[in-house]
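Here's a quick tour of the charged side chains in this protein. Have a look at the model first, then we'll walk through the pairs and the patch.

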Amino acid sequence: MLILLWNIFPVAASREADIIDEAFLILTILAIPIMALVVVIMGYSVLKFRRSEGDFEDAEYVTTHKTWVHSWLIWTTALCIAVIIFPGWIGLVDIRATQNDVADVTVDVTGQQWVWTYEYPDLDVSIISELVLPVDSLVRFNITARPDDVLHSFWIPAFRMKIDAVPGLITKMDVTTTEIGEFNHDQNFRVQCAELCGLNHAIMFTRVRVVEKDEFDAWVAEHSAS
Ligand SMILES: [Cu+2]
């Protein structure tokens with residue numbers, strides 16, 4: 001069962017992806033027995049208490065079964081609070097744990113209809129054709145949209161991370177890359193706009209390539225303006 005659920009996930013190529021996949025798995029496993037219980041009780045009630053043929057009498061008047069209602073309320077509330085704390089709050093703190101660390105690579109991202117632009121301010125690289133990142137590195141994305149443009153959303157499925165690109169605002173997203181990969185072998189290595197932004201929203205994407213550090217340095221040397 002666990003193995004089956006694990007296999008539904010696309011490649012997880014960042015530290016953050018593991019945290020998010022774990023949260024997804026825990027919530028799914030918790031939801032299965034509850035969903036099953038609700039469906040079984042509903043099915044039972046529909047069959048057991050259905051109107052018999054030729055019976056046009058009103059149903060018996062039923063008052064609230066307080067013990068059941070209270071018990072259901074207490075258990076579901078407790079479970080909700082539990083998942084808000086873990087994996088919710090604890091997972092969020094874990095994902096944001098890097099925000100005060102010094103990033104290995106900083107990328108300024110700008111969204112506009114219907115293209116993403118990437119600038120590596122410390123490396124003097126500006127590019128739109130692809131997003132290249134070194135593996136095992138803390139990458140900090142500073143994301144915005146052109147002032148006269150609409151909302152976009154910067155999403156990389158292989159990293160499981162997504163944040164809005166808002167005109168006039170800079171949003172930040174940290175990703176620690178853990179796996180080498182590229183779009184040509186796995187479509188999850190792509191930046192995809194995830195906020196409906198007009199006619200070409202669906203094709204507002206960029207190929208992502210996560211490479212060894214040497215290869216990244218060579219790529220920077222080739223594309224640097226200085
Ligand atoms: Cu968009």
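## Ground rules

A salt bridge here is a side-chain nitrogen of Lys or Arg within 4 Å of a carboxyl oxygen of Asp or Glu. Side chains of opposite charge can pair when their charged atoms come close.

Keep in mind that this is a predicted model, where local features need pLDDT of at least 70, side-chain atom pairs count only at pLDDT 80 or more, and totals for chains, interfaces and linings use all residues. Residues are numbered from 1 along each chain as its sequence is written, and side-chain values use heavy atoms, leaving out hydrogens and water.

How many salt bridges does the rule give? The count is seven. One of them joins R140 to D174, with the closest N and O atoms 2.8 Å apart. R140 sits in strand β5 (residues 138–145) and D174 in strand β8 (residues 171–176), so the pair ties together parts that are 34 residues apart in sequence. (Strands are DSSP runs of E, at least two residues, and helices are runs of H or I, at least four, numbered from the N terminus.)

Are these two partners buried or exposed? Both R140 and D174 are buried; that means under 20% relative accessible area, while exposed is over 50% and partly exposed is in between (1.4 Å probe, protein chains only).

## R15 and its two partners

R15 forms a salt bridge with D94, their closest N and O atoms being 3.5 Å apart. This pair links distant parts of the chain, with D94 in helix α3 (residues 66–95) and R15 in helix α2, 79 residues apart. R15 also pairs with E16, at 3.6 Å between the closest N and O atoms. Shared partners join R15, E16 and D94 into one network.

## The negative patch

On the surface, D18, E22, D136, E179, E212, D214 and D217 gather in a patch of negative charge. Such a patch takes residues with over 30% relative accessible area and no salt bridge, like charges being joined within 9 Å. Helices α2 (15–48) and α4 (213–223) each give two or more residues to the patch.

E212 lies in the loop between β11 (205–211) and α4. At 45% relative accessibility, E212 counts as partly exposed.

Methods: Patches are made of residues with over 30% relative accessible area and no salt bridge: like charges are joined within 9 Å, nonpolar side chains (Val, Leu, Ile, Met, Phe, Trp, Tyr) within 5 Å. Accessible areas come from the Shrake-Rupley method with a 1.4 Å probe; for residues, only the protein chains shown count as cover. Lys and Arg count as positive and Asp and Glu as negative; His and the chain ends are not counted. The place of a charge is taken as NZ of Lys, CZ of Arg, CG of Asp or CD of Glu.
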